[in-house]
Amino acid sequence: MSIDTATTTAPTLDRDGLVQERRLVTEIPGPVSRELMARKLAAVSSAVGTTMPVFAARAGGGVVVDVDGNSLIDLGSGIAVTGVGNSAPRVVAAVQQQVADFTHTCFMVTPYDSYVAVAEALNRLTPGDHDKRSALFNSGAEAVENAVKIARSYTKKQAVVAFDHAYHGRTNLTMALTAKSMPYKSGFGPFASEIYRAPMSYPFRDGLSGPEAAKRAISLIEKQIGADNLAAIIIEPIQGEGGFVVPAEGFLPALVEWASENGVVFIADEVQTGFARTGDMFASEHEGIVPDLVVTAKGIAGGLPLSAVTGRAEIMDAPHAGGLGGTYGGNPLACVAALAAIETYEADDLVSRARAIGETIVSRFRDAAASDARIGDVRGRGAMIAVEFVDPETNEPDAALTGRIAKAAHAEGVIVLTCGTYGNIIRFLPPLTIPDALLDEGIDVVLQALAAS
Ligand SMILES: Cc1ncc(COP(=O)(O)O)c(CNCCCC(=O)O)c1O
């Protein structure tokens, strides 16, 4: 176990003195994690996988400390969730107060102000200055499901178009919307009907301009589905699980224009791109598109489970009274956490921080690509960056190399995630609170793993 710490200055401290350093005191996984993993295998469905072989004990800033005392660099944020940092101070204080006041009344039974305040914040923050309404749920998939319900109720049409490489969740309808079969869909059918797939703008692999890719997608939609039957188009402004696919400029605005002209609801799934992650509060802002509905989750509440659909009031109010709801939707703990997280994003200007993080990651890997052609593409925005690995001779995806790099980084105490339809993407989703030195060290470890692979 060679520890090549790049840091020469004293490590910084975070809240509660959580030292912001990579520190390995055992092999990865250590003995306590190994014991817990044996228990996990004996108690938890084997279908629930884990990326890391260690178990968490504490987290904050840019580190996760495991049960053996190892301090790992976090470049995953629990899949783009803890943007404000794990156990962010404002979030902790708000939840501690709320949990002592009341934990649950069900907003549909006895409402409470924090749910309304979250809706007001989402209506203010999401793109567009039109009259908006919001509805709160628990998971991203649940919010996507409800966005489709709302769009169908408003348009009185049924068909929904999703895109190649899309990911929208693991429920029946969202599996139908999701593109990749394994591990998300295989064996779980039949899937919801009236879901159709259109080609995505994937510049690194299709070489098309945004308008060209949009023309291709719209032609298929018009010929195979027909606007008269189409309730909604749903798309991630930057695709997440599918490989951090950034559509070519002009693709999204062309789809928004076509949808508006044809009575089709445009749904932006900002579950992974939302809340400062991409260097804007919402990724839709980058090209100035104004979605009819915006789906949010992940970064919304500092780690507490919360999701939302926010959109044009006339669309959001289309379903009949009582048509939207659920027992836990907008749980009060999650709502106060969201208000604290939103305050943190704005007060600490984490949008600017995300852009700075992205500049660091992109420059380091584009420099590396100059001497290593296995790096086929470096893309993304803000603190949502992807490195696509390929066979330099054929440009074919190299999932095996990607897996080796990730596994080596994990063993050296860096939490980094892979993704992509072809499994050949290393993605970077660090907490926006990660110190610069720790980010640089995490990148060093990944680059060392690449060089050794
Ligand atoms: C764009 C986009 N829409 C919807 C979802 C679904 O959000 P839930 O909160 O996981 O249901 C996601 C969740 N992405 C991570 C899934 C991880 C896994 O399950 O293996 C997303 O990224």
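Two strands pair if DSSP finds at least two bridges between them. Strands (E, at least two residues) and helices (H or I, at least four) are DSSP runs, numbered from the N terminus. This is a predicted model, in which local features need pLDDT of at least 70, side-chain atom pairs count only at pLDDT 80 or more, and totals for chains, interfaces and linings use all residues. Residues are numbered from 1 along each chain as its sequence is written, and side-chain values use heavy atoms, with hydrogens and water left out.

**Exercise 1.** Describe the pairing of strand 7 with strand 8 and place it in its sheet.

Step 1. Strand 7 (residues 159–163) and strand 8 are parallel, with four bridges. V161 has Y196 in strand 8 as its bridge partner.

Step 2. The open sheet has seven strands in the order 6-12-11-10-9-7-8, and its pairing is mixed. Strand 6 (132–137) and strand 8 (195–198) are the edge strands, each pairing on one side only.

Step 3. Helix 8 (residues 210–224) packs on this sheet and touches strand 7, strand 8 and strand 9 (230–235); contact means heavy atoms within 4.5 Å.

Conventions. Axes fitted to C-alpha atoms, helices over the stretch in contact; angles between N-to-C directions.
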